[in-house]
Amino acid sequence: MKKSQKSKRPEWDEYFLKMSYLVAERSTCLRHHVGAVIVRNKRILTTGYNGAARGVKDCLELGCLRNELGIPSGERHEICRAIHAEQNAIIQGGLHGINIADSIIYCTHSPCILCAKMIVNAQIKKFVTCGQYADKSFEALFEEAGVEYKKIGVPALSITRLD
């Protein structure tokens with residue numbers, strides 16, 4: 001392969017954010033497909049996507065109660081059957097005994113305030129996204145708690161194959 005034909009390798013933030021989109025494909029939410037990847041030292045620790053609790057019916061099967069009730073995005077989280085992607089990624093760390101302190105979370109969307117509180121208490125040091133969720137109340141909490149927030153452009157969502 002000539003140098004001019006060589007594919008551009010994605011930067012680390014783009015690489016892991018791109019993976020969060022792949023994780024999001026497992027989502028069972030009818031409104032948003034959200035994926036999260038928790039990383040430390042350029043190694044994936046856990047992943048999570050938004051969907052119903054393990055072993056219970058999800059919105060693909062039951063429909064979306066939030067849609068039926070006309071509840072706007074970012075409000076009344078308790079009505080939703082889904083656990084958010086960031087929450088599931090944090091839970092996976094606890095379930096499998098993986099220390100996620102001092103890590104970076106890459107997520108397709110910015111966090112709601114509930115996820116932001118969990119991120120702060122899990123001692124995650126940085127949040128990287130390219131999407132915006134309706135709830136922006138996380139910003140003040142992250143600033144006060146010292147969690148770095150970085151928003152980048154949407155990564156190229158294609159996979160380069162060399163056959």
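In this predicted model, a residue counts as buried when its relative accessible area is under 20%, as exposed when it is over 50%, and as partly exposed in between.

Q: Is T28 buried or exposed?
A: T28 is placed in the loop between α1 (12-24) and β1. Its relative accessibility is 14%, and the cut-off for burial is under 20%. T28 therefore counts as buried.

Q: Which residues does T28 contact, leaving aside its neighbours within four places in sequence?
A: T28 belongs to the loop between α1 and β1. Once the neighbours within four places in sequence are set aside, the residues in contact with T28 are N50, G51, A52, D58, C59 and L60.

Q: How many bridges join β1 to β2?
A: β1 (35-40) and β2 (43-49) form a hairpin with two residues between them. The two strands run antiparallel. One of the pairings sets A36 against its partner in β2, G48. The number of bridges that join β1 to β2 is six.

Q: What is the phi of N41, in the turn of the hairpin?
A: The hairpin is formed by β1 and β2, with two residues between the strands. N41 lies in this turn, and its phi is positive, at about 55°.

Q: Where does K42 lie, and what is its accessibility class?
A: K42 is found in the loop between β1 and β2. K42 is not a glycine, yet its phi is positive, near 65°. Its relative accessibility is 44%, which falls between the cut-offs of 20% and 50%. K42 therefore counts as partly exposed.

Q: Is Q123 buried or exposed?
A: Q123 sits in the loop between α5 (113-121) and β6 (126-129). Although Q123 is not a glycine, it has a positive phi of about 65°. Its relative accessible area is 52%, and the cut-off for exposure is over 50%. Q123 is therefore exposed.

Q: What is the orientation of α5 relative to α6?
A: The axes of α5 and α6 (residues 138-145) come within 9 Å and cross at roughly 15°. An angle under 35 degrees counts as roughly parallel. The orientation of α5 relative to α6 is therefore roughly parallel.

Q: How many nonpolar residues are in the contact of α5 with α6?
A: The crossing of the two helices, α5 and α6, is right-handed. On the α5 side the contact is made by I113, A116, K117, I119 and V120, and on the α6 side by F138, L141, F142 and A145. By class, the contact has no polar residues and one charged residue, while the nonpolar residues number eight.

Definitions and conventions:
Residues are numbered from 1 along each chain as its sequence is written. This is a predicted model: local features need pLDDT of at least 70, side-chain atom pairs count only at pLDDT 80 or more; totals for chains, interfaces and linings use all residues. Side-chain values use heavy atoms; hydrogens and water are left out. Helices (H or I, at least four residues) and strands (E, at least two) are DSSP runs, numbered from the N terminus. Buried means under 20% relative accessible area, exposed over 50%, partly exposed in between (1.4 Å probe, protein chains only). Contact means heavy atoms within 4.5 Å. Axes are lines fitted to C-alpha atoms, for helices over the stretch in contact, and angles run from 0 to 180 degrees between N-to-C directions. Angles under 35 degrees count as roughly parallel, over 145 as roughly antiparallel, 65 to 115 as roughly perpendicular and the rest as oblique. A crossing is left-handed if the near helix is turned anticlockwise from the far one by less than a right angle, and right-handed if clockwise. Ala, Val, Leu, Ile, Met, Phe, Trp, Tyr, Cys and Pro count as nonpolar, Asp, Glu, Lys and Arg as charged, and the others, Gly among them, as polar. Two strands pair if DSSP finds at least two bridges between them.
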